[in-house]
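Biologist: I am new to this structure. Please take me closely through one part of it, and give me the terms as we go.

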Amino acid sequence: MDDIIIKNVALALLCMQRYSWEQGVAAQAFLERREYKRVLLLCREAVCRQIEDGRLASMGEPTAVTDHAAIGEALVFTARTSHDMTLQQAVKKMADYLLNLAPRSPKGIIYHLVKEPQIWVDSMYMSPPFLAAYGCKEEALNQLMGMKDCLYDEDRKLYSHIWDDKTQTFLRKSYWGVGNGWAAAGIVRVLKTLGNEFLVEKQQLLDHLRELIDSFLSYTREDFLFHDVLDQPSSFVETNSAQMIGYTIFRCLESKWINPSYFEVAKNIREAVHKKVDQDGLVQGVCGAPQFVSSGVAPEGQSFFLLMEAAYKDLMNASSGD
């Protein structure tokens, strides 16, 4: 039954129109599911739409900076395994854009938008995993920690959404569930690239991630879902944040980074999410495209269902092998 649901969710995802970050999260989902043919096709399309400055999967007049790097890890993998020079050149151009051309804050943190000096929590998922996969692990860590310094509330142990450097205020201080999901999932993906030469940094990042997971879970509803703004029960009940934290926990359990006791809550979250998938394979109740201000469906919601399932399957396989 799970296989049928996954197949339907994947088909629905592939039928959706996708912008740069949506193409990227879709490619990452199929990469973690080891569906490499689909990853190759998604990457080729992203490269077909790469603009001169290096940004991938561009549609219309691009206003985003980091969103275009969301497909980066999948593209790095595909370029290396296929030995395709076109893909390899595309990876280099995307990396060069982030490292040398992208607008940054005075502290060196990459802005989320081209024309506005803003730092968004979304960027924690979009660019650091690509930079780490490309081999720029120190820069990936610098970006994560710089975004943390700017957006993380040390008292609430949650991330706010948008900081504006121009006004030196939060454009959106709310503790957006999906935003905290972007942060958690991005941190996991960077952590998985770090070797022994980064033992201190890895431990610091792990301690932070555990703190974030615990704070996130403190807002779990009785139905094991979350509100769109985690600490605002008046905001709508939202599905994707549940998938994102479920994915994060399953990956942490697979790597033995957190106590096995977290499995029970993650399992309950997964079961709650499965109830939100309709007969067409659409994950209902996510922060909906295209405005992301109300309940609906979205490519990223489809992709994170697949990511959560991939992480769950890998954990189950690892556990059965112990």
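Modeller: Angles under 35 degrees count as roughly parallel, over 145 as roughly antiparallel, 65 to 115 as roughly perpendicular, and the rest as oblique. This is a predicted model, in which local features need pLDDT of at least 70 and side-chain atom pairs count only at pLDDT 80 or more, while totals for chains, interfaces and linings use all residues. Residues are numbered from 1 along each chain as its sequence is written, and side-chain values use heavy atoms, with hydrogens and water left out.

Let us look at helix 11. Helices (H or I, at least four residues) and strands (E, at least two) are DSSP runs, numbered from the N terminus. Helix 11 covers residues 240–254. Its axis and that of helix 10 (residues 199–217) come within 11 Å and cross at roughly 140°. Axes are lines fitted to C-alpha atoms, for helices over the stretch in contact, and angles run from 0 to 180 degrees between N-to-C directions. Helix 10 and helix 11 are therefore oblique to each other.

The crossing of helix 10 and helix 11 is left-handed: the near helix is turned anticlockwise from the far one by less than a right angle, whereas clockwise would be right-handed. Helix 10 brings Leu209, Ile213, Phe216 and Leu217 to the contact. Helix 11 meets them with Ser241, Ile245, Thr248, Ile249 and Cys252. Contact means heavy atoms within 4.5 Å.

Now take one residue. Gln243 sits in helix 11. Is Gln243 buried or exposed? Gln243 is buried, with a relative accessible area of 0%. Buried means under 20% relative accessible area, exposed over 50%, and partly exposed in between (1.4 Å probe, protein chains only).

What does the side chain of Gln243 make a polar contact with? Its partner is the side chain of Asn240, at 2.7 Å. A polar contact is a pair of N or O atoms within 3.5 Å; within protein, one must be able to donate a hydrogen and the other to accept it, and residues adjacent in sequence count only if both atoms are side-chain atoms.

Gln243 also has contacts elsewhere in the sequence. Setting aside neighbours within four places, Gln243 is in contact with Val273, Val283, Gly301, Phe304, Phe305 and Met308.

Not counting residues up to four places away in sequence, Gly24 touches Ala70 and Ile71.
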